[in-house]
2 protein chains.
Amino acid sequence: MNHLDVFKALSNPTRLQILTWLKTPEAYFPEQQEPFATGVCVGQIQKKSGMTQSTISENLSVMQRAGLVTSIRKGQWTYYKRNEAAFEQLSLLVASEI
Amino acid sequence: MNHLDVFKALSNPTRLQILTWLKTPEAYFPEQQEPFATGVCVGQIQKKSGMTQSTISENLSVMQRAGLVTSIRKGQWTYYKRNEAAFEQLSLLVASEI
DNA sequence: TTGGAATATCGGGAAAATACGATATAAATT
DNA sequence: AATTTATATCGTATTTTCCCGATATTCCAA
């Protein structure tokens, strides 16, 4: 875990918003058919955000590179979900190392 | 605590470095006379960083606005120290809210 | 095998962040 | 009062971030 990249990934309102949505996807993406354990696909997040597809794709990519989310490709869709272990690790880091 | 401002404040290598130094000032500023509970003055941090005085002053200011450090003026000197409560709060936030 | 749908990548313009030198302010000393 | 020391603030050049539209890639379905 690269601290700096993680903090940079968290330094953007759009990305923080997405992380909130992904924390309880059943509350924010009720229309989704796929089980939430798989994640939420890019298009749903994009629609909810009101931003362009490329912007959301890029923001998800930034968070993935930082390790905050993971993705799985299923057919035409890419499902993103939070990497909760990363948040636990970050919490410990902030509490004791930084 | 404004999450976004806190994460922005942590998204810079110079500021992360300073926070590390301030975590155990007795290890990094052995020449200091003032008790470490007071904090470390700007000049010492500046010398150690190798950056300019204005840059370090500004970086300390960013962290203070985010609530990560506090400062006390004593005569000509301004002593900065970590606000450990802010880190504990941030740790909990990362663990449960974000 | 072609067309369409979902996502990723590219290139760029605007805005924000960064670190600098110069200058201002504040406090202590002479 | 004038000088020196420590810190803060200002103006600026450069770099980085952000979001966009356009295009490329990947996969599925007709």
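1. The model is predicted. Please read the points below with that in mind.

2. The sheet. Chain A has an open sheet of 3 strands, in the order E1-E3-E2. The pairing is antiparallel. Strands E1 (40-41) and E2 (69-74) of chain A are the edge strands; each has a single partner strand, so one side of each lacks a neighbour in the sheet.

3. Pairing of E1 with E3. In chain A, E1 pairs with E3 (residues 77-82) in the antiparallel sense, over 2 bridges. Cys41(A) is found opposite Tyr79(A), a residue of E3(A).

4. The helix on the sheet. Helix H5 (residues 53-66) of chain A packs on this sheet, where H5 touches E2 and E3 of chain A. The directions of H5 and E2(A) make an angle of about 120°.

5. The interface. Chain B puts 16 residues into the contact, and chain A puts in 16 residues. On the chain B side, helices H1 (3-9), H2 (13-23) and H6 (84-96) each give two or more residues. H6(B) gives the most, with 6 residues. By class, the side of chain B that touches chain A has 11 nonpolar, 3 polar and 2 charged residues.

6. Shared surface. Of the interface residues of chain B, 100% are also interface residues in chain A, so the copies meet through the same surface.

Terms used
Residues are numbered from 1 along each chain as its sequence is written. Chains are lettered from A and ligands numbered from 1 in the order in which they are written. This is a predicted model: local features need pLDDT of at least 70, side-chain atom pairs count only at pLDDT 80 or more; totals for chains, interfaces and linings use all residues. Two strands pair if DSSP finds at least two bridges between them. Helices (H or I, at least four residues) and strands (E, at least two) are DSSP runs, numbered from the N terminus. Two residues are in contact if their C-beta atoms, placed from the backbone, lie within 7 Å. Axes are lines fitted to C-alpha atoms, for helices over the stretch in contact, and angles run from 0 to 180 degrees between N-to-C directions. Ala, Val, Leu, Ile, Met, Phe, Trp, Tyr, Cys and Pro count as nonpolar, Asp, Glu, Lys and Arg as charged, and the others, Gly among them, as polar.
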